[in-house]
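Q: Hi! Could you walk me through this model while I have it open?
A: Happy to, just ask away.

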Amino acid sequence: MDENILSISTLQHYAYCPRQFALIHIEQVWEENRFTAEGRVLHERVDSGVAEQRRGTRYERDVLLCSKQYRLTGKMDLLEIEQGDPLKYFPVEYKRGKPKVEGWDRIQVCAQALCIEEMRQTQVDTGAIWYWEVCKREPVIIDDALRKTTVEAIDGAHTLLESGKTPPPTENRKRCRACSLLDLCGPNTFRRDRSARYIDDELFTSPLQSTENDNENGHDAV
Ligand code: SF4
């Protein structure tokens, strides 16, 4: 991956857990399991379709996306273009599982919408996610709140990638139990092991920071 460009699909990793994002995209570890394999097969099936026109809507598949503003690139499963003046664009993402309470799937659709807006000079108000397991299409409203969350995820992922440093495990242990990288990550071992924090404190705390901390603690500056 070009270190200045993020793939849209990586945002779901960052939104799920920044450490998962770093393990995959900085340390380049990956472990395929049943869920990731099913997801990959589903996308291969969806992406192999051709464009078609039905009534007043054009369906484009496997659409390439990019944004200079957000330094993003990616592919979209399906773009629906409703005829009219102006044309209306609906990004549609296919997911293996079922709808989630958390918003990381919606972040991916919103990032696609940001790319479409930049590439086609338009406004995208709605997208959708098709959940394969329950055969359900969920609308995604591209409102200000989702845009803000998405831009924060994009900025956070860029910053983490540029730092090249893998953060500690998430405090949300429920996510660890459902994580495809659980064995490779070893979050509980990391949480028990204080040596990483010791090395960070000893080697990476700048002298200036130490002085500031000393001052905050009431010690005299040297
Ligand atoms: S096991 Fe937990 S801490 Fe590790 S990558 Fe997965 S969610 Fe993050």
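Q: Why does the span of H4 agree with its 17 residues?
A: At 1.5 Å a residue, those 17 residues should span 24 Å, and the end C-alpha atoms of H4 are 24 Å apart, so the two agree. The expected span is 1.5 Å times one less than the number of residues. Helices here are DSSP runs (H or I, at least four residues), strands are E runs of at least two, and both are numbered from the N terminus.

Q: Before I go on, what kind of model is this?
A: This is a predicted model: local features need pLDDT of at least 70, side-chain atom pairs count only at pLDDT 80 or more, and totals for chains, interfaces and linings use all residues. Residues are numbered from 1 along each chain as its sequence is written.

Q: Thanks. Which residues of H4 are buried?
A: Arg 106, Ile 107, Gln 108, Val 109, Cys 110, Ala 111, Gln 112, Ala 113, Leu 114, Cys 115 and Ile 116. Buried means 20 or more other C-beta atoms within 10 Å of a residue's own, exposed means 12 or fewer, and partly exposed is in between, with C-beta atoms placed from the backbone.

Q: And what comes just after H4?
A: Gln 121, with a positive phi of about 50°.

Q: Now H5. Which residues are buried there?
A: Thr 150, Ala 153, Ile 154, Ala 157 and Leu 161. Down the axis of H5 they fall within an arc of 100°, so they line one face of the helix. That arc is taken from the directions from the helix axis to the C-beta atoms.

Q: What covers them?
A: The cover includes strand S1 (6-7), helix H1 (10-16), helix H2 (18-25), strand S4 (72-82) and helix H4 (104-120).

Q: Which exposed residues are on the face turned away?
A: Asp 144, Ala 145, Lys 148, Asp 155, Thr 159, Glu 162 and Ser 163.

Q: Last one: how many helices and strands does the protein have?
A: Ten helices and seven strands. Buried residues make up 26% of its 222 residues.

Conventions: Contact = placed C-beta atoms within 7 Å.
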